[in-house]
Amino acid sequence: MTNGGQPATQSNNPVGSTVNRRRMLTIALGGAATVALPAPAWATDDQRPGAYRPPALTPDDRTVIAQVSAERALSHLRALSEGIGPRIGGTASERRAADYIAKELDHLRYDVRLEPFTVADKFLAQLASPAGLPTDLNWQAGASPHAALDTTVSGDVVDVGAGAPENYPGDVTGRVVLVDYVAARREQLVATAVARGAAAVVFLAADGVPPRRTSAFSPTLPGSASSPVPIPVVGVAQAQKERLRERLAAGRFTLAVSTSAHRGLTSHNVIAERVGRSGPGGPVVMVSAHYDTVIGAPGANDDGSGTVLCLELARVLKAIPVDATLRFALWGSEEQGLVGSRYHVRQLPQEERDRVLAVYQNDMVATSWDPATRYWLLSFTGQANRATDEVAAAAARLGYDPRISPVTQRGSSDHQAFQEVGIASANFSWRGEETPALLEPPYHTPEDTIARNISLERLQVSLELIGCAAYATAR
């Protein structure tokens, strides 16, 4: 999910109990996380965790609910979030994810195509150490486009704090300096490091306002655009900053900093469809998510969770007869400003736009963060439409209606691209009770992992809500 968007309208619905806590069974702290997530354990007619009453299901609901499985979706999430990791728009990692998604949908016998479009250059960094860095975090960072690129340097680490000349020890020649990032002073801080002979600058992101934690970033140095800084300059996330300082406090260590420029990039949307009984010109029902991430984020919840929801619903709905064409869309480069979905919408002639009954956009549908107890119906216009109506109706049948938000004005995800041209669409997401702006701490950070930020119970409820709504629309 991108930052920004429309102001949120607060809700006064009752809080109720949380849907799920993470309940990790095993985890190796400071190392690779080994987590056994609890499987959702309810029968079709059982009252769901967090629901206010037992469900009152239609036969069509039962057809979907009997088959959807968050555990099956988890296998896809491991492939995307752990096997591939950060999926930066237009880079090789995003293409690997697109190919994985396309292969899975092709295996399900959908008609699948990749929709290419150009995106901006990316500047990335990777941190490593001969002694090893904690493996429960991803160590991708952002690189400055105005500093040394396509290079690797290595040196002992020194923390110079605020980065003023008086903060430096006597000699930092050939060393990697950790510097607290202050945007207004960034060029002066880099100039001091270069003058002192540093091998690289690692800018440490300022702490976020709780519960938010800050992301990795590519520092810009406008004054150096015509004459690049001769050493790498990178920006790390709050979680990475904390671990680096903890590691340095434990004793001397060496850090390798690699930077890379990715230019002339092409990103891809993955579009898959099965034509319904109404034929090739009939109505269309879309289920969508974005599969890319921000720098350094494995994107388990944002938006690996929405992506695997689409793959699981594609599996379940592939053999159920429906009138409408079912179209699954996985958007590339959402994190750069809804680039993929806007490109797709621009290519649609009006007669194709008119075929779309509803777009169900799923962005962050499985967080394990306890305060994320409300399932939000987010509309860019703030008005209800076919998508919000069908999900609200499914929530009522499942006994979740008091937990569902009223239709709330907010963009910042791919539903906005469709609503901008009058197509019924909405974004669906688990977030904090008071406002959809209340997102989990791992959002957009290296901590957005399966171990730290995924609840299979919330994912299962999301699958049921969207599956029942999409089937009701397509039926």
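**Salt bridges and their surroundings**

Tutor: Arg342 counts as partly exposed, because its relative accessibility is 26%, where partly exposed lies between buried, under 20% relative accessible area, and exposed, over 50% (1.4 Å probe, protein chains only). The model is predicted, so local features need pLDDT of at least 70 and side-chain atom pairs count only at pLDDT 80 or more, whereas totals for chains, interfaces and linings use all residues. Residues are numbered from 1 along each chain as its sequence is written, and side-chain values use heavy atoms, with hydrogens and water left out.

Glu420 is partly exposed as well, with a relative accessible area of 38%. The side chains of Arg342 and Glu420 meet in a salt bridge at 2.7 Å, N to O. Arg342 belongs to helix α7 (residues 339-347) and Glu420 to the loop between α10 (415-419) and β15 (425-431), so this pair ties together parts that are 78 residues apart in sequence. Helices (H or I, at least four residues) and strands (E, at least two) are DSSP runs, numbered from the N terminus.

The structure holds 25 salt bridges, each defined by a side-chain nitrogen of Lys or Arg within 4 Å of a carboxyl oxygen of Asp or Glu. Another of them joins Glu464 to Arg48, the closest N and O atoms being 3.0 Å apart. Because Glu464 lies in helix α12 and Arg48 in the segment before α1 (59-65), the pair ties together parts 416 residues apart in sequence. Glu464 counts as buried, at 1% relative accessibility, and Arg48 also counts as buried, at 2%.

A contrasting case is the salt bridge between Arg315 and Glu312, at 2.7 Å, N to O. These residues are three apart in helix α6 (residues 300-317), so about one helical turn separates them. Glu312 is buried, with a relative accessible area of 0%. Elsewhere, Asp136, Arg213, Glu242, Arg243, Glu447 and Arg452 are linked in a network of salt bridges.
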